[in-house]
Amino acid sequence: MTIIVTGGAGFIGSNFVFHMLDKYPDYRIICLDCLTYAGNLSTLEPVMDNPNFRFVKESITDRDAVYKLFEEEKPDMVVNFAAESHVDRSIENPQVFLDTNIIGTSVLMDACRKYGIKRYHQVSTDEVYGDLPLDRPDLFFTEETPIHTSSPYSSSKAGADLLVLAYHRTYGLPVTISRCSNNYGPYHFPEKLIPLMIINALNDKPLPVYGEGVNVRDWLYVEDHCKAIDLVIHKGTVGEVYNIGGHNEMKNIDIVKLICKELGKPESLITYVTDRKGHDMRYAIDPTKIHNELGWLPETKFADGIKKTIRWYLDNESWWAPIVSGEYQNYYEKMYANR
Ligand code: NAD
Ligand code: TDX
């Protein structure tokens, strides 16, 4: 079995590469990643010498490069993690989100049509469903919830999902889609809520909470997401969408306070800043389908996962220190100074 994993130098993709190489020692895993600011080759260091692993630095939007890779490797499956993934960046500059997330997806699927594939899997997000009101805790996103996006990021992911389903219906491409809630864990890029708050707290810097901090996200440990995708690509039904989430809703402010507590830092570091434009209020996944059909259940409780994650950032400063001292400083200045 040869699997092309796109975006495998990013947060979830790298965790997926590790999971697959570990669980299936006879599989060949090809990571296709162009190493944007969010891609980090040092993350993949532990598997670089594995004879079943190959890293290819190309963009999923580069048709010639993608076709060449398909000719060389004749993959059985493609799992597409490659994306521009940060909502705040999409609000600043939507164009690259459309290029990578929509055009890149179509290039990958064109290659699948041209060379043949057993499965094309699209890693999507719960954000395609928009948001839920805070005063209706009885409501959850199911696979039937209409697409109703808020940000350029979520719109680009929704556009990709629609294309994937269209390639299935029109060309019979054997596709699956998974829509997961917020992930956390090792190798999470420092621009995102949890790693940003851990790293700022460690440096005794202000903790910038958007608005009043009451927005709710449904957090899942990254390994549980990887295991769910593993199940979907092996046992999921072609043409189907699977929601992934572990019923773990938390307010942003409660997460930030928990991080302060775990690190022994004062809550006085918390600073309320101008809200995100179009900020989604609440995400909440109903994972009944993947549980009933594929037997998936999350294994890591948030209380344990967040401790493991904080421990990982404490032990792996050598991973994040070069990131936050480079170009990231300009990003941080632009997004947070005078906010
Ligand atoms: P990330 O930003 O950490 O990593 C993205 C990776 O894709 C990087 O390695 C980057 O270099 C690569 N990439 C970007 N553009 C590329 C291109 N044109 N060609 C090749 N590679 C390219 O993202 P992540 O958080 O790991 O998310 C991975 C996927 O999971 C995304 O599709 C995202 O929409 C989805 N998702 C993320 C979450 C989450 O909480 N992080 C939740 C649900 C779904
Ligand atoms: O500095 C911050 N302060 C803050 O209050 C940051 C970076 C975020 N927030 C808030 C905004 C959100 O309500 O925290 C919440 C989480 O923010 P992000 O980490 O940016 O994640 P989110 O916008 O929820 O999107 C994430 O989950 C779905 C991923 O980045 C997406 O790729 C995924 O599809």
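Helix 1 (11-23), strand 5 (119-125) and helix 5 (152-171) each supply at least two residues of the shell around ligand 1. Strand 5 gives the most to that shell, with three residues. Helices here are DSSP runs of H or I with at least four residues, and strands are runs of E with at least two, numbered from the N terminus.

Before I continue, please note that this is a predicted model, in which local features need pLDDT of at least 70 and side-chain atom pairs count only at pLDDT 80 or more, while totals for chains, interfaces and linings use all residues. Residues are numbered from 1 along each chain as its sequence is written, chains are lettered from A and ligands numbered from 1 in the order in which they are written, and side-chain values use heavy atoms, with hydrogens and water left out.

How many residues surround ligand 1? There are 28, and the closest are Ile12, Asp33, Ser85, Tyr153 and Lys157; a residue belongs to such a shell if one of its heavy atoms lies within 4 Å of the molecule. By class, 13 are nonpolar, twelve polar and three charged. In this scheme Ala, Val, Leu, Ile, Met, Phe, Trp, Tyr, Cys and Pro count as nonpolar, Asp, Glu, Lys and Arg as charged, and the others, Gly among them, as polar.

I turn to polar contacts, which are pairs of N or O atoms within 3.5 Å; within protein, one must be able to donate a hydrogen and the other to accept it, and residues adjacent in sequence count only if both atoms are side-chain atoms. An N or O atom in the side chain of Asp33 is 2.5 Å from an oxygen atom of ligand 1. For Thr36, a backbone N or O atom lies 3.0 Å from an oxygen atom of ligand 1. On its own ligand 1 has 840 Å² of accessible area, of which the protein covers 96%. Such areas come from the Shrake-Rupley method with a 1.4 Å probe; for residues, only the protein chains shown count as cover.

Next, ligand 2. It is surrounded by 22 residues, the closest being Thr125, Glu127, Tyr153, Arg276 and His279. Helix 6 (193-202) and strand 8 (207-210) each supply at least two residues of this shell, which has ten nonpolar, seven polar and five charged residues. A polar side-chain atom of Asn182 lies 2.9 Å from an oxygen atom of ligand 2, and one of Tyr336 lies 2.7 Å from an oxygen atom of ligand 2. A polar backbone atom of Pro208 is 2.8 Å from a nitrogen atom of the ligand. Taken alone, ligand 2 exposes 660 Å², and the protein buries 94% of that.

Tyr336 also belongs to a cluster linked by ring pairs, together with Tyr37, Phe189, Tyr210, Tyr328, Tyr331 and Tyr332. Rings of Phe, Tyr and Trp (its six-membered ring) pair if their centres lie within 6.5 Å; planes under 30 degrees apart count as stacked, over 60 as edge-to-face and the rest as tilted. Arg89 lies over the face of Tyr37, 3.6 Å from the ring centre, and the charged end of Arg339 sits over the ring of Tyr210, 4.0 Å from its centre. Such a placement requires NZ of Lys or CZ of Arg within 6 Å of the ring centre and within 35 degrees of the ring normal.

Finally, the whole structure holds 23 aromatic pairs. Why is the pair of Tyr67 and Tyr115 edge-to-face? Because the ring centres are 5.8 Å apart and the planes stand at 75°.
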